[in-house]
Amino acid sequence: MITVRLEYDNTEKLDIDENWVRSVCENILMDSNQDEASITFIFSNDDKLKKLKKEYFGEDVFTDTISFNLEEESDPIEGEVYISLERVSENAHTFKQHFITECKRIIIHGCLHLLGHNDESAEDKIKMIQLEEKYLTHNIRVNQP
């Protein structure tokens, strides 16, 4: 069973289709052969994510999302994805995207991180962007049988 929860930390509730969030996460997880998972998306602000980034990664910078895997090795995925709605808003403006579209992209991005995808190298970043685009534009399983 895959469970997806949305929580709000010092921010207003988003006008986002929660069924879309669940569906896209299920598709991403099923494409990685994960039929059990628990993911919590915590929508917050710049201050919260900057503190987390500094505490856990030693970097004093703003970021749009941070993903934490909480499961033990070989257990089903259990994770938290923190999202700064202030960064999402700025990204949407920078990339000339609708706010909700950019928020969906970051949700997909965070879910991909929980599965081990990285965006450290240029090659990895390109691969992640391609996956984001596929799930964002189609919300279908990429690796359908």
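Which residue forms a salt bridge with arginine 22? The model to search is a predicted one. Select arginine 22 and glutamate 18: the two form a salt bridge, and their closest N and O atoms are 3.7 Å apart. Both residues sit in helix H1, four residues apart, so about one helical turn separates them. Arginine 22 is partly exposed, at 31% relative accessibility; glutamate 18 is also partly exposed, at 26%.

Next, select the sheet. Its four strands run in the order E1-E2-E4-E3, forming an open sheet with mixed pairing. Strands E1 (2-8) and E3 (65-69) are at the edges; each has a single partner strand, so one side of each lacks a neighbour in the sheet. From one strand to the next, the twist averages 15°. Show E1 with E2 (residues 37-44): the two pair in the parallel sense over seven bridges. Glutamate 7 has isoleucine 42 in E2 as its bridge partner.

H2 (residues 46-57) lies across E2, E3 and E4, at about 50° to E3.

Move to arginine 87 and aspartate 46, a salt bridge with closest N and O atoms 2.8 Å apart. Arginine 87 is in helix H3 (residues 85-94) and aspartate 46 in H2, so the pair ties together parts 41 residues apart in sequence. Both residues are buried.

Finally, select arginine 105 and glutamate 132, which form a salt bridge at 3.5 Å, N to O. Arginine 105 belongs to helix H4 (residues 99-114) and glutamate 132 to helix H5 (residues 122-138). Both are buried.

Notes: Residues are numbered from 1 along each chain as its sequence is written. This is a predicted model: local features need pLDDT of at least 70, side-chain atom pairs count only at pLDDT 80 or more; totals for chains, interfaces and linings use all residues. Side-chain values use heavy atoms; hydrogens and water are left out. Two strands pair if DSSP finds at least two bridges between them. Axes are lines fitted to C-alpha atoms, for helices over the stretch in contact, and angles run from 0 to 180 degrees between N-to-C directions. Contact means heavy atoms within 4.5 Å. A salt bridge is a side-chain nitrogen of Lys or Arg within 4 Å of a carboxyl oxygen of Asp or Glu. Buried means under 20% relative accessible area, exposed over 50%, partly exposed in between (1.4 Å probe, protein chains only).
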